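Morning, everyone. Let me put one model on the screen and walk you through it.

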Amino acid sequence: MIVDQQFEYAGKIMKAGLVPIIEPEVDIKSPGKKEAEALLLKALEKRLHKTDSGTRLIFKLSIPSIPDFYTPLMRDTRVVRVVALSGGYSRDEADRLLSHNHGLIASFSRALLDGLSARMSDAEFDRVLGESVKAIYTASIA
């Protein structure tokens, strides 16, 4: 399973003195998204509980279908942070969903690009980018 593979790589990264990021993404368009998230959470918790108490990990996960679904991961002392992937949602939709997940913060590279274009003036580009950053930040702390 992908979780086992990612934990194996995480072990190598930790040996180098770094904090690994484990990023198994659930397709937001999957008809079985909720079920896939439940299986993923179970697999992550199982592997997490087999790791040393001194382990430090970051998880990058798709925004869950059920608000606060990843709270058990966030409460684990081995988890530095759980970060949300926009996963293909528009920025507005990703922000809305993120705001319902307390403690989950954004890692929205795709959603951050919404509304930006190379044809914009520098001032317009800066304005839109600033609005995007503010909206994502606000959703992360809601």
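The protein has six helices and four strands. Those are DSSP runs, numbered from the N terminus: H or I of at least four residues for helices, E of at least two for strands. From the N terminus on, the order is α-β-α-β-α-β-α-β-α-α.

Ground rules next. This is a predicted model, where local features need pLDDT of at least 70, side-chain atom pairs count only at pLDDT 80 or more, and totals for chains, interfaces and linings use all residues. Residues are numbered from 1 along each chain as its sequence is written, and side-chain values use heavy atoms, with hydrogens and water left out.

Overall dimensions. The C-alpha trace spans about 50 × 35 × 25 Å along its principal axes. Accessible surface is about 8300 Å², and 55% of that belongs to carbon and sulfur atoms. That area is Shrake-Rupley with a 1.4 Å probe; for residues, only the protein chains shown count as cover. Of the 142 residues, 38% are buried, meaning under 20% relative accessible area (1.4 Å probe, protein chains only).

Now contacts, meaning heavy atoms within 4.5 Å. Take those between residues at least 6 apart in sequence: 57% join residues at least 24 apart.

On to the core. The largest nonpolar core has 27 residues. By nonpolar core I mean buried Ala, Val, Leu, Ile, Met, Phe, Trp, Tyr and Cys residues joined through side-chain atoms within 4.5 Å. Which members touch the most other members? Leu44, Phe59, Leu61, Tyr70, Leu73 and Val82. Helix 1 (2-15), helix 2 (33-49), strand 2 (57-62), strand 3 (79-85) and helix 4 (91-98) each supply at least two core residues. Helix 2 gives the largest share, five residues.

Zoom in on Leu73. Leaving out residues up to four places away in sequence, Leu73 touches Leu41, Leu44, Glu45, Leu48, Phe59, Leu61, Val79 and Val82.

Next stop, Ser62, in strand 2. Is Ser62 buried or exposed? Buried, because its relative accessibility is 3%. Beyond four places in sequence, Ser62 touches Glu25, Val26, Tyr70 and Leu85. A polar atom of the Ser62 side chain lies 2.8 Å from the backbone oxygen of Val26. Ser62 and Tyr89 are 27 residues apart in sequence, yet 9.9 Å apart in space, C-alpha to C-alpha.

Thanks. Over to you.

How values were computed: Buried < 20%, exposed > 50% of the residue type's maximum accessible area, 1.4 Å probe, protein only. Polar contact = N/O pair within 3.5 Å; in protein donor to acceptor, adjacent residues only side chain to side chain.
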